[in-house]
Amino acid sequence: MSRNILILPGSARLGSYNRKLASEAMRILSVSDAVVSRIDLADYPLPIYDGDFEADTGVPQNAQLMAQRIAAQDGLLIVSPEYNASIPPLLKNAIDWTSRVRKVHERPVQPFKGLVVGLASASPGRFGGMRGLEAIRLVMRALGAEVMTQQCLVPRAAEGFDEDGRLRDDVARTSLEALCDKLLDTARSLSRNA
Ligand SMILES: Cc1cc2nc3c(=O)[nH]c(=O)nc-3n(C[C@H](O)[C@H](O)[C@H](O)COP(=O)(O)O)c2cc1C
């Protein structure tokens, strides 16, 4: 049975290394039997989370749409930079709002619970965004996701991609391929929609 896999870049920046890495993951996963799609946070603008706003207005429609998409997945690949050794606010805010969604089409929903999550990061620095992924791991676990130990780090990302946005380094490519394989395998065996 084919599985639904969603790729979520944690940066909306034009020229983002993480969006390039997400595109590479998309190319790798597209040749599998999975149904692969991608969500871009620029397409789902959200206010900064505010409890008073939520009490007055409810959860914004974009968060509900994201929750609906995420709830339909077997696996999620988050490809995100680190900001000050942690999770970028754009991504954290989107996750926080999405975690507030309780129902989709009148059905109770916990968008991240039981979801198989893989993590990847590209960074211009030496550590490849490793510390940011630890922060994302904590958040995803708190929401009940099955976060895979295996991850993909692309350090020195400014030199890491060619003019077509393809990974230059075989080690990085092999690591991303292995992560995508593992994500698919795990989503097949642990799927909450099995
Ligand atoms: C507020 C801020 C904090 C950052 N902190 C880190 C950091 O802790 N480690 C790191 O490797 N890069 C850090 N960077 C640099 C980002 O990795 C770099 O801007 C990267 O290009 C962002 O990812 P993107 O290319 O996918 O947009 C930081 C950038 C900003 C704007």
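Let's start with one pairing in this predicted model: Leu6 has Ser37 in strand 2 as its bridge partner. That pairing belongs to a set of 4 bridges between strand 1 and strand 2 (residues 35–38), and the two strands run parallel. How does the chain cross from strand 1 to strand 2? The path goes through helix 1 (residues 17–30), making a β-α-β crossover that is right-handed.

Now for the inside. In soluble globular proteins, nonpolar side chains tend to be buried together. Here the largest nonpolar core has 32 residues, and the ones touching the most other members are Leu76, Ile78, Leu91, Val117, Ile136 and Met140. Several elements give two or more residues to this core, among them strand 1 (4–9), strand 3 (75–79), helix 4 (89–99) and strand 6 (116–122). Helix 5 supplies the largest share, with 5 residues.

Take a closer look at Leu91. Setting aside residues up to four places away in sequence, Leu91 touches Leu8, Gly10, Leu41, Ile78, Ser80 and Ile136.

Finally, the ligand. Of the 13 residues around the ligand, which come nearest? They are Arg13, Ser16, Glu82, Asn84 and Ser123. With Glu82, a nitrogen atom of the ligand lies 2.7 Å from an N or O atom of the side chain.

Terms used: Residues are numbered from 1 along each chain as its sequence is written. This is a predicted model: local features need pLDDT of at least 70, side-chain atom pairs count only at pLDDT 80 or more; totals for chains, interfaces and linings use all residues. Side-chain values use heavy atoms; hydrogens and water are left out. A nonpolar core is a set of buried Ala, Val, Leu, Ile, Met, Phe, Trp, Tyr and Cys residues joined through side-chain atoms within 4.5 Å. Buried means under 20% relative accessible area, exposed over 50%, partly exposed in between (1.4 Å probe, protein chains only). Contact means heavy atoms within 4.5 Å. Two strands pair if DSSP finds at least two bridges between them. A crossover is right-handed if, with the strands pointing away from the viewer, the path from the first strand over the helix to the second runs clockwise. A residue is near a molecule or strand if one of its heavy atoms lies within 4 Å of it. A polar contact is a pair of N or O atoms within 3.5 Å; within protein, one must be able to donate a hydrogen and the other to accept it, and residues adjacent in sequence count only if both atoms are side-chain atoms.
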